[in-house]
Amino acid sequence: MAKRMIHFFCPSCWRGIPDFVIICPYCQYDLKSYQSLSYEEKLISALKHPIKEIRRTIIYIIGLKRLEKAVSELERMIDEEEDPIILMEIANALSKIRSRKAKEVLDKMKSHKFPLISRYVEQNINHR
């Protein structure tokens with residue numbers, strides 16, 4: 001049976017790196033500086049993680065924490081994300097945050113390029 005190895009990612013460029021490096025060999029990010037970030041800053045940074053299941057979990061946590069600082073990054077993701085499940089999770093998170101900016105972004109999602117997302121926001125989010 002083959003050993004399963006843990007895969008590590010640089011929290012700046014999100015490329016795979018060995019677990020023992022201190023400086024990312026690709027973007028030169030000082031991995032020690034990551035430790036000084038707040039929990040909220042680490043969550044926002046993880047929204048760029050290459051594994052979509054991790055991004056979805058991070059979005060869910062951001063919604064639970066009602067992390068208003070993340071709204072701008074969530075808004076950026078809406079235009080770039082192709083996975084409808086991730087987009088629905090973004091809508092759910094924004095509805096929990098409930099700031100003025102989050103509500104504005106949700107209103108924009110009502111005319112999303114994917115009709116599935118527009119309908120989801122219209123039918124499920126407005127009733128909360």
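Predicted model: local features only at pLDDT ≥ 70, side-chain atom pairs only at ≥ 80, totals over all residues.
**The whole chain**

Start with the protein chain in cartoon view. It holds seven helices and two strands. Follow the chain along the sequence and the elements come in the pattern β-β-α-α-α-α-α-α-α. The C-alpha trace spans about 50 × 35 × 25 Å along its principal axes.

Now switch to a surface view. The protein chain exposes about 8200 Å², and 54% of that area is supplied by carbon and sulfur atoms. The chain has 128 residues, of which 39% count as buried. Take the contacts in the chain with a separation of 6 or more: 45% of them are between residues 24 or more positions apart.

Colour the charged residues next.

**Two charges over rings**

Select Arg 15 and Tyr 26 and show their side chains. The charged end of Arg 15 sits over the ring of Tyr 26, at 3.8 Å from the ring centre.

Then select Lys 42 and Tyr 34. Here Lys 42 lies over the face of Tyr 34, and the distance to the ring centre is 5.1 Å.

What about rings paired with rings? A pair of aromatic rings is described by the distance of the centres and the angle of the planes. With the centres required to lie within 6.5 Å, the count of aromatic pairs comes to zero.

**Ser 45**

Is Ser 45 buried or exposed? Its relative accessibility is 18%, and the limit for buried is under 20%, so Ser 45 counts as buried. Leaving aside neighbours within four places in sequence, Ser 45 is in contact with Pro 11, Trp 14 and Tyr 34.

Go to the loop between β2 (16–17) and α1 (31–34), where Gln 28 has its place. Most residues other than glycine have a negative phi. The phi of Gln 28, however, is near 65°, a positive value. Gln 28 counts as exposed because its relative accessibility is 54%, and the cut-off for exposed is over 50%.

For another positive phi, move to Arg 66. Its value is near 50°, and Arg 66 is a residue other than glycine. Arg 66 lies in the loop between α3 (52–65) and α4 (71–80).

Begin in helix α3, at Leu 64. This leucine has a relative accessible area of 47%, so Leu 64 is partly exposed. Leu 64 and His 7 are 57 residues apart in sequence and 27 Å apart in space.

Select Leu 67, which lies in the loop between α3 and α4. Leu 67 is buried, with a relative accessible area of 8%. Which residues does Leu 67 touch? Not counting residues up to four places away in sequence, they are Glu 40, Leu 43, Ile 44, Ile 62 and Ile 97. Draw another line, this time from Leu 67 to Arg 98. These residues are 31 places apart in sequence, and their C-alpha atoms are 9.8 Å apart.

The last stop is Ala 70, found in the loop between α3 and α4. Its relative accessibility is 0%, so Ala 70 counts as buried. Leaving aside neighbours within four places in sequence, Ala 70 is in contact with Ile 44 and Ile 62. To finish, select Gln 123 and draw a line to Ala 70. Ala 70 and Gln 123 are 53 residues apart in sequence, and 24 Å separate them in space, C-alpha to C-alpha.

Methods: Residues numbered from 1 in each chain as written. Heavy atoms only, no water. Buried < 20%, exposed > 50% of the residue type's maximum accessible area, 1.4 Å probe, protein only. Contact = heavy atoms within 4.5 Å. Helix = DSSP H or I, 4+ residues; strand = E, 2+ residues; numbered from the N terminus. Areas by Shrake-Rupley, 256 points an atom, 1.4 Å probe, with all protein chains shown as cover. Phe/Tyr/Trp six-rings, centres within 6.5 Å; stacked < 30°, edge-to-face > 60°. Lys NZ or Arg CZ within 6 Å of the ring centre and 35° of its normal.
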